[in-house]
Amino acid sequence: MIELKQVTKKYGKGLQTTEALSRLDLTVQKGEIFGVIGHSGAGKSTLIRCMNLLERPTSGEVWVDGVDLTKLNKQQLQNQRRKIGMIFQHFNLLSSASVYDNIAFPLRLAHVDKTQIAAKVNELLQLVGLEAHRDKYPAQLSGGQKQRVGIARALASDPQVLLCDEATSALDPQTTDSILKLLLDINRKFHLTIVLITHEMQVIQSICDRVAVIHQGGIVEEGAVTEVFLKPQHPVTREFILGQAGESAQLALQAPHDGSSRLCKLTFLGEKTYDSILSRTARETGVDFAILQGTISKIKDIPYGQLIIRLEGDAGQMEKTIQKVKAEGLDVEVLD
Amino acid sequence: MWGLDFSQLDWNEISVASLDTLKMLAASSVFTFILGLPLGVLLYQTSRSSNAWVRTVYSVLSVIVNILRSVPFIILIVALIPFTIAIVGVSYGVLGTIPPLVIGAAPFFARLVETSLREVDRGVLEAAQSMGASTWQIILKVLLPEARPGLLAGATITVVTLVSYTAMSGMVGGGGLGDLAIRYGYYRYQKEVMIISVLFMIILVQLLQMAGDRLVKHFTRK
Ligand SMILES: Nc1ncnc2c1ncn2[C@@H]1O[C@H](COP(=O)(O)OP(=O)(O)OP(=O)(O)O)[C@@H](O)[C@H]1O
Ligand SMILES: [Mg+2]
């Protein structure tokens, strides 16, 4: 659906040039929710703004729905942009227009007739749950409500793609959840391709199918969220995930242990999360284990669990335990 | 009271002068807005262009606007006499004061327009751009409506400034309350006329400012 080819973006001239994106390749599939995560200044905003040419790449191609946007003239670009919705961290609503008029705005730009506009806007108001607020002005709404207006406005012209630039970063956790849930609903209902950028792993974890990690203007890791999240390769990715699991994992690693014990990290994914594989195996092999740290959570809809354990017992039996658990389909990483 | 005698006032002359002031004010305001608003938009648009040539246009416009704004109005009236005659046929009376009033006030208003357009949130412009709005659509449907309170405040300041300009133009035979005040109060020592004329102008300014403030408040959504 979206394909960036060798996209480079430089800001400034001469000595003060900063390269915000360097020869970046990225493909977003139709219908998926694709997340991009990175630290401040990594180039996230630049990346997403290149996807509708709000920022024109210095070099490279930007393909959206089979069209290379960089080759279009002004008029053609305006037409293509109608198929690409965008929502923003600070909502960017027209402060002088009511909720209704904000949502109607893109339709008026496209000279859609009045009755059609009314039908569409009412439908969208219902979708985002703001029927009661149609005549209010943005200043009278809460942050979450403003973002709902932003979403309705972005959907008004029936786009193929929705770009979200830190759409939940200005919201509190509960509101963030409700907005993410709305995005997920929209994605399922309309098979809308969504690209969202964020600096919060939580956001990626709750709704994304795939994720790319951006660092210093390049993608350093990319894949299914389950893959990247549970087996991060790049230090930056690890940092994001560790940042979330927090101190407890660090503490677990400091637990006393010597040659006669082994530290392991077990990852359960899907239905196995609820299975008693570990205790069953330990009983068979006769080893003991201490749970040092444990998490159980979900990646989008997929349950997963992670345990850091210390195995104690006969060396051979410990090795056997690890192999058996692996054979049962758990992922085991030996930490010592 | 203070040796003033208001019974001898020629109310007929005062009402003619008041009407003249209102005429000058109305006509010059309308033309100032018609000229100043596009000029302000042009200043704004050219100033933020990425094209070096367009920014040169901005610099030139900007210098012209600054020059017109720094020339004292009284000198502008005199300097513009040939231009005024070319446009309206006369250089005195209500008609003759309108061109210099407009030339004096339009650059001032244009700057105020430019300033209020700059206040519009860039994010909103970007959002419109991302929805495929053309430059004209952005100007007409985003910039101007979003800047409306600022534009109205600027218009109010401009009209109030025009009141004092009309008073000055009176000195060179423009007519109106300023003319009356100078002719009677200064040249003929009839303080009463001067006081009444000035009082009327004060009331006019108060009313204009109040009306302007109301409009601004009415259109402010923040
Ligand atoms: N308009 C600009 N002019 C010059 N440099 C810019 C501009 N926009 C971004 N940059 C630079 O490009 C780099 C990437 O910026 P970008 O805004 O894409 O980062 P980001 O990942 O979105 O960060 P944040 O999380 O803080 O929003 C930064 O070094 C930034 O300073
Ligand atoms: Mg950013």
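Biologist: Which residue forms a salt bridge with K231(A)?

Modeller: A salt bridge is a side-chain nitrogen of Lys or Arg within 4 Å of a carboxyl oxygen of Asp or Glu. Here D331(A) is the partner of K231(A), with 3.8 Å between the closest N and O atoms. Please note that this is a predicted model, in which local features need pLDDT of at least 70 and side-chain atom pairs count only at pLDDT 80 or more, while totals for chains, interfaces and linings use all residues. Residues are numbered from 1 along each chain as its sequence is written, chains are lettered from A and ligands numbered from 1 in the order in which they are written, and side-chain values use heavy atoms, without hydrogens and water.

Biologist: How many salt bridges lie between domain 1 and domain 2 of chain A, and where are the bounds of these domains?

Modeller: Domain bounds come from an automatic or database domain assignment. In chain A, domain 1 covers 2–242 and domain 2 covers 246–334. The count of salt bridges between them is three. Taken over C-alpha atoms, the centres of the two domains of chain A are 38 Å apart.

Biologist: How many residue pairs are in polar contact between the two domains of chain A, and which element gives the most residues on the domain 1 side?

Modeller: A polar contact is a pair of N or O atoms within 3.5 Å; within protein, one must be able to donate a hydrogen and the other to accept it, and residues adjacent in sequence count only if both atoms are side-chain atoms. There are six such residue pairs between domain 1 and domain 2 of chain A, both residues being at pLDDT 80 or more. Helices (H or I, at least four residues) and strands (E, at least two) are DSSP runs, numbered from the N terminus. On the side of domain 1 of chain A that touches domain 2, α6 (173–190), α7 (201–207) and α8 (225–230) each give two or more residues. Among these elements, α8(A) gives the most, with four residues.

Biologist: What surrounds ligand 1?

Modeller: A residue is near a molecule if one of its heavy atoms lies within 4 Å of it. The residues around ligand 1 include Y11(A), H39(A), K44(A) and E166(A). A polar side-chain atom of S40(A) lies 2.5 Å from an oxygen atom of the ligand. For K44(A), the corresponding distance to an oxygen atom of ligand 1 is 2.7 Å, and for an N or O atom in the side chain of T46(A) the distance is 2.5 Å.

Biologist: How many helices and strands does chain B have, and how many of its residues are in contact with chain A?

Modeller: Chain B has ten helices and zero strands. Contact means heavy atoms within 4.5 Å. By this rule, 20 residues of chain B are in contact with 23 residues of chain A. The two chains bury about 2,000 Å² between them, and carbon and sulfur atoms give 54% of that area. Across this interface there is one salt bridge, and E126(B) forms a salt bridge with R49(A), the closest N and O atoms being 2.8 Å apart.

Notes
Buried area = accessible area lost by both parts, 1.4 Å probe.
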